[in-house]
Amino acid sequence: MGYHHGKAYAAHPDAKLVAVCDTDEKRCKKAIDEFQCSAYADLDEMLKAEAPDIVSIAVPNVLHAPLTIQALQAGAHVLCEKPMAMSADEARTMLAAADKADRRLMINFSFRFSDQSFFLKQQVDTGILGKVYAGRTVWHRRRGMPGMGSWFSQKELSGGGPLIDLGVHRLDLALWLMGHPKPKWVLANTFAEIAPALAEAAGKKYTVEDSAFAMIRFEGGEMLELEASWAINQKQNEFMETRLYGTEGGLIQCNTGEGYAFAAEITFERNGVQVDMTPHPPIPASRSAQAHFVEAVRDGSPHMATGEEGVLVMELLDAIYASAERGEPVRVG
């Protein structure tokens, strides 16, 4: 993931990738060869030597908070990978560090940064859906455990399984399209029914859930269903979908061909006729999260996917895990 960050920065005409920091020598050499940049094995050394304007944090979840805070304190603006942290408390500490350092903190909620997502947001902001009162946002994999036995499947390093890895994307996308209503409570459960046996057979460590299901109620009465899995018995290898239902219309954003291409559609009534609206190619291209952040820092303009929005997502993830553990609804915040 860090490579993709670096590639996006290197491609921007007003940015220069000056350095990477990684304990993997092969990845460092690849970056040096491809981007003609410096490479370090120690973040403190890199920060002192290069004094970068922006630092991207793309490391195991357990390191998001400490490395983000370290970069902020060194005077850099930070784009941190999702999830923002291991918990909402950690996320709030990161946000406080950004405020104290007077630096920007953005979270890489990359599913906002697609042509179809931008199209939907533009339309939703016109009021085409009316009042959004319900929705469902999903990311399921038939069998898709990332790096079985790696940090992804160890709770002390990741904070959780598919909920915090995949669900975080679809949750943020839905909240963004809904205009970030204030959550009230969560009722949820998590399961580990398939992946643990696969991990045991492979001699790998696995201490997280393999699927999660949640119902979120907001202060205004809106409801949102959230589902995420690495291993579930469904037809598709990869299924992503976000649906919102409003008083005047509805929308869907979903993946096509079981891959990472997406389609978008809005449905509504016009002059007594039910209408389905899809954007006709070419759709205005969206910017990458890295390009957006570079331009926001350059121009002094607001940036998307703020630290505050990252904290809200973490509060919901915390509440979902807490509800699953306690077997009862949990208030958010």
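D102 counts as exposed, at 61% relative accessibility. In this predicted model, D102 also has a phi near 55°, which is a positive value in a residue other than glycine. Where does D102 sit? D102 is found in the loop between α5 and β5 (105–108).

The bond from K82 to P83 is cis, with omega near -15°, and P83 lies in the loop between β4 (77–81) and α5. Further along, P281 and P282 are joined by a cis peptide bond whose omega is about 0°. P282 has its place in the loop between β13 (273–277) and α10 (289–299). As background, most residues other than glycine have a negative phi, and most peptide bonds are trans.

Zooming out, the chain has 11 helices and 14 strands. Its radius of gyration is 20 Å, close to the 20 Å that the globule rule gives for 333 residues, so the chain is as compact as a globular protein of that length. Along the principal axes, the C-alpha atoms fill a box of roughly 65 × 50 × 40 Å. Of the 333 residues, 52% are buried. Contacts reach well along the sequence, too: among those between residues at least 6 apart, 69% join residues at least 24 apart.

Now for the helix pairs. Two packed helices are described by the angle between their axes and the distance between the axes. Helix α5 (residues 88–101) packs with helix α11 (residues 307–326) at an angle of about 170°, and the two axes are 8 Å apart. That angle makes α5 roughly antiparallel to α11. Which residues make this contact? On the α5 side they are A88, A91, R92 and L95, and they meet G307, E308, V311, M314, E315 and D318 in α11. Sorted by class, the contact of α5 with α11 has five nonpolar, one polar and four charged residues.

Helix α6 (residues 115–124) and helix α8 (residues 162–178) make another pair, with an angle of about 30° and axes 9 Å apart. Angles under 35 degrees count as roughly parallel, and α6 and α8 are therefore roughly parallel to each other. Here S117, F118, L120, K121 and V124 in α6 meet L173, W176 and L177 in α8. The residues of this contact divide into six nonpolar, one polar and one charged.

That leaves the cysteines. A disulfide is a covalent bond between the sulfur atoms of two cysteines. How many disulfides does the count come to? With a cut-off of 2.5 Å between cysteine sulfur atoms, the count comes to zero. Take C21: the closest cysteine sulfur to its own is in C28, 7.1 Å away, which is too far for a bond. C21 is partly exposed, with a relative accessible area of 32%. C254, on the other hand, counts as buried, at 18% relative accessibility; the limit for buried is under 20%.

Conventions. Residues numbered from 1 in each chain as written. Predicted model: local features only at pLDDT ≥ 70, side-chain atom pairs only at ≥ 80, totals over all residues. Heavy atoms only, no water. Axes fitted to C-alpha atoms, helices over the stretch in contact; angles between N-to-C directions. Helix = DSSP H or I, 4+ residues; strand = E, 2+ residues; numbered from the N terminus. Parallel < 35°, antiparallel > 145°, perpendicular 65-115°, else oblique. Contact = heavy atoms within 4.5 Å. Nonpolar A, V, L, I, M, F, W, Y, C, P; charged D, E, K, R; others polar. Buried < 20%, exposed > 50% of the residue type's maximum accessible area, 1.4 Å probe, protein only. Rg over C-alpha atoms; globule rule 2.2 N^0.38 Å.
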